[in-house]
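Here is a short briefing on one protein model. Please look through the sequence and structure before reading the points below.

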Amino acid sequence: RAPSRPDLSPVHPEYSGWIPVAPRGHTPTTTALHYATAKGMTGLVVTAPESQGKVDVTTYGGATDLVVDLTGYYTGAQGIGGHWSPLTPVRVVDTRYGKGAASGQASGSLTFTLPSSVPTSAAGVVLDVTAVDPGGDGYLRLSPYGSPPNTTALNFHGDGSTTGLAITTASNGQVTVTLAGSPANRPTDLVC
């Protein structure tokens with residue numbers, strides 16, 4: 001089987017720790033996500049499942065609730081989902097400077113159009129999303145324009161900027177970033 005793309009989120013950990021991810025029955029050799037005391041984190045992980053589709057997610061360190069969202073998968077086939085199409089990274093939104101959206105910190109939904117380097121036939125895009133200097137805690141969700149978001153792409157805290165990779169589909173070349181919680185600037189880079 002090909003790698004799947006779970007989105008990991010430890011929620012309110014007792015103290016700091018780390019999470020490795022591996023096919024079931026295999027010993028992980030790398031850490032997928034680190035988390036800090038009492039701070040929820042989110043991270044995108046790519047891992048191969050074992051032959052029955054099972055994956056081991058292990059927490060080391062502080063006990064925590066864990067949320068895992070499955071956001072997609074890869075196949076070994078040619079065509080849609082069967083390969084990666086890299087692009088030169090480009091910033092598509094930066095609310096600090098009014099690029100691709102109104103300037104200034106805000107919460108709520110922001111819709112932007114992907115550049116022409118992404119064909120309308122693309123099954124999905126990889127975005128690097130950042131919450132810059134928020135006044136408090138919150139989270140970002142991504143979705144195709146017109147669809148309600150239902151998984152969190154990035155948790156952030158009021159003690160500095162937070163960046164993370166996210167994968168989403170688009171609708172007519174448009175993506176919506178929804179920020180809940182404390183207002184923040186939202187730079188977004190297309191990295192696929």
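Buried means under 20% relative accessible area, exposed means over 50%, and partly exposed lies in between (1.4 Å probe, protein chains only). This is a predicted model, in which local features need pLDDT of at least 70, side-chain atom pairs count only at pLDDT 80 or more, and totals for chains, interfaces and linings use all residues. Residues are numbered from 1 along each chain as its sequence is written, and side-chain values use heavy atoms, with hydrogens and water left out.

**Aromatic pair**

- Rings of Phe, Tyr and Trp (its six-membered ring) pair if their centres lie within 6.5 Å; planes under 30 degrees apart count as stacked, over 60 as edge-to-face and the rest as tilted.
- Searching the whole structure gives 1 aromatic pair.
- W18 and Y60 form this pair, which is stacked, at 5.5 Å centre to centre and 15° between the planes.
- W18 sits in strand β2 (residues 17–19) and Y60 in strand β7 (residues 60–61), so the pair links distant parts of the chain, 42 residues apart.
- Strands (E, at least two residues) are DSSP runs, numbered from the N terminus.
- W18 is partly exposed because its relative accessible area is 38%.
- Y60 also counts as partly exposed, at 38% relative accessibility.

**Strand β11**

- Two strands pair if DSSP finds at least two bridges between them.
- β11 pairs with β14 (residues 162–168) in the antiparallel sense, over 7 bridges.
- In that pairing, A131 stands opposite T162 of β14.
- β11 also runs antiparallel to β16 (residues 188–190), joined by 3 bridges.
- Here L127 stands opposite L190 of β16.

**Second largest pocket**

- A pocket is an open set of points on a 1 Å grid over the protein atoms alone, where a 1.4 Å probe fits, with protein on both sides within 12 Å along at least five of seven lines; lining residues have an atom within 4 Å of a point.
- The second largest pocket has a volume of about 250 Å³, a volume being the space filled by probe spheres set on the points, which are joined across faces, edges and corners.
- Its lining has 18 residues, with T71, L142, T151, I167 and T168 nearest the centre.
- β8 (65–73), β12 (138–144) and β14 are the elements that give two or more residues to this lining.
- β14 gives the most, with 4 residues.
- The lining divides into 10 nonpolar, 7 polar and 1 charged (Ala, Val, Leu, Ile, Met, Phe, Trp, Tyr, Cys and Pro count as nonpolar, Asp, Glu, Lys and Arg as charged, and the others, Gly among them, as polar).
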